[in-house]
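This report goes through a few parts of the structure shown below.

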Amino acid sequence: MEEGRQLNTWEGYVNWRNRPAMRDRHGGMLAASFVLVVEILENLAFLANASNLVLYLSKFMHYSPSSSANIVTNFMGTAFLLALLGGFLSDAFFTSYRLYLTSAAIEFVGLLILTVQARIPSLKPPVCALASTEIPCEKADGQKETMLFIGLYLVALGVGGIKGSLPPHGAEQFDDTTPQGRKQRSSFFNYFVFCLSCGGLIAVTFVVWIEDNKGWKWGFGVATVAILTSIPVFLLGSPIYRTKIPAGSPITTMFKVLFAAVYNNCNSKNPSNAVIGMETTKGPSPDSTETSKEESDNQVKVPSQTLTEDLKFLNKAITAKPVSPMLQCTVKEVEEMKVVLRIIPVFMCTIMLNCCLAQLSTFSIQQAATMNTKIGSLKVPPASLPVFPIIFVMIIAPTYNHVIVPFARKVTKTEMGITHLQRIGTGLILSIVAMAIAAIAEIKRKKVAVESGLLDSAEPLPITFLWIAIQYLFLGSADLFTLAGMMEFFFTEAPTSMRSLATSLSWASLSMGYYFSSVLISIVNNVTSIFRHTPWLAGSNLNHYYLQRFYWLMCVLSGLNFFHYLFWANRYKYRT
């Protein structure tokens, strides 16, 4: 009876009451569907402000366009970088279930602070005419600036915890020991991006319209209600969730393997440091002890745990007599360290793509704000520009999952059909095309500004903002291919003990992209100011920026990054 109960449990998983998770009660697509609904609400709350924040900072907090852009990229970069902390805590100490609830509460407090500030005039700088040159606008400073940044970075902390816990919590609901479970998990990541886009669609249409027409206090208020609502929705799935038991810090194990390998390589002449890893596959000798027999029995259970030939310097982490018991490493730990080192170059190659995506939240919105944003009689807010790639993603995500992938599986006769690395590579190519289109669109916009004599005017230029929408379309498609591909790649390839942390690398890549965007803008301005009186990207008037040159630079850097990616992708060997 007890044996049958053990066979019916998910090993290494518990339910929300910290009891063993049962195979017939916990996990599956129904449990993951609650995560997908929560992602709609969570991303609505985050993107409702992030997509339009650059205009709030420039119009109401009176920061310059470049300062506003840097504040937004730093805020979003920090939010996504903190996903690494969320993933680490989820793997090591807390369950993803508890971490989500805590992070959502923190984000709620941050949004509440921003809502209060937007509602009370005395907590903001005085209203002024931005086009006026006689009376300079007073920038937010002192307590007003402090309140703004406390609210923003509490939101960033909450978002980081959510991004680090929610996707792996959903992916853990599937049985990765069966083809059906793995296919369902792949579908989950596609629909996770779909739901992320659903939340984004509501954010950049309904909420942005509210912010522009009813006031930012209502915009922040909607976001606050959305994140608060996500908590009871998430709790509704509690009876059927299965949650991975935290296995301690994976980072400690990684450093142990690295230190042992370095130490033993430096002392390799010492015969006591001989590598013994490959001996684990051999049978027992005639005079084996009872202990050796037990070890052999254990090895039969995990026959795949043998040392591989790649990254051979790590093999010396396993020695007959380690210098300290704390440096005693197993074959499993060494091989998991190799997996981590192999996925890091792929992660690094995605940062440039996300640097391109950062422009959608900054300069692209500011460009659209200078153009004619009417479609017929409908006036579209500049921050609603992402609606084009979002709708495209919502169309192509189900198409990809139900048409393209099944067709690819039949053609290639493989379980994946299209590999994770092929998806990421497709996204990188699309980002190169997007940057070239962005440069051409900016050349066209500047030409119209010069010809119409509106270089120094705040009036909308006689050119439709749909020119900017084209680059959004390509970058949105790139995001679909790359983000879903990255999340599934990192989750699938990473060791079980650090799946949340590895999945968080997808968000960390976004973070690095936003930070790199800020650094690149500063470098470009510093370098160009040496050769010119004014830098490419400085001042309060976007029409005097040399944005087209910056976009061409991004296009070239993206092209070089793609060849760098090909180098690593062609050499990568999948773990499974």
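Ile523 lies in helix H17 (residues 499-531); helices here are DSSP runs of H or I with at least four residues, numbered from the N terminus. The model is predicted: local features need pLDDT of at least 70, side-chain atom pairs count only at pLDDT 80 or more, and totals for chains, interfaces and linings use all residues. Residues are numbered from 1 along each chain as its sequence is written, and side-chain values use heavy atoms, without hydrogens and water.

Two residues can be set side by side by relative accessibility (buried is under 20%, exposed over 50%, partly exposed in between; 1.4 Å probe, protein chains only).

| Residue | Relative accessibility | Class |
|---|---|---|
| Ile523 | 44% | partly exposed |
| Asp91 | 0% | buried |

Asp91 is found in helix H4. Of the 28 residues of H4, 20 are buried. Beyond neighbours within four places in sequence, Asp91 is in contact with residues including Lys244, Pro246, Arg499 and Leu501; contact means heavy atoms within 4.5 Å.

The largest nonpolar core has 140 residues, of which Phe188, Phe363, Trp507, Leu537 and Phe550 touch the most other members. Such a core is a set of buried Ala, Val, Leu, Ile, Met, Phe, Trp, Tyr and Cys residues joined through side-chain atoms within 4.5 Å. Helix H16 (residues 466-493) gives the largest share of this core, 14 residues.

Definitions and conventions:
Helix = DSSP H or I, 4+ residues; strand = E, 2+ residues; numbered from the N terminus.
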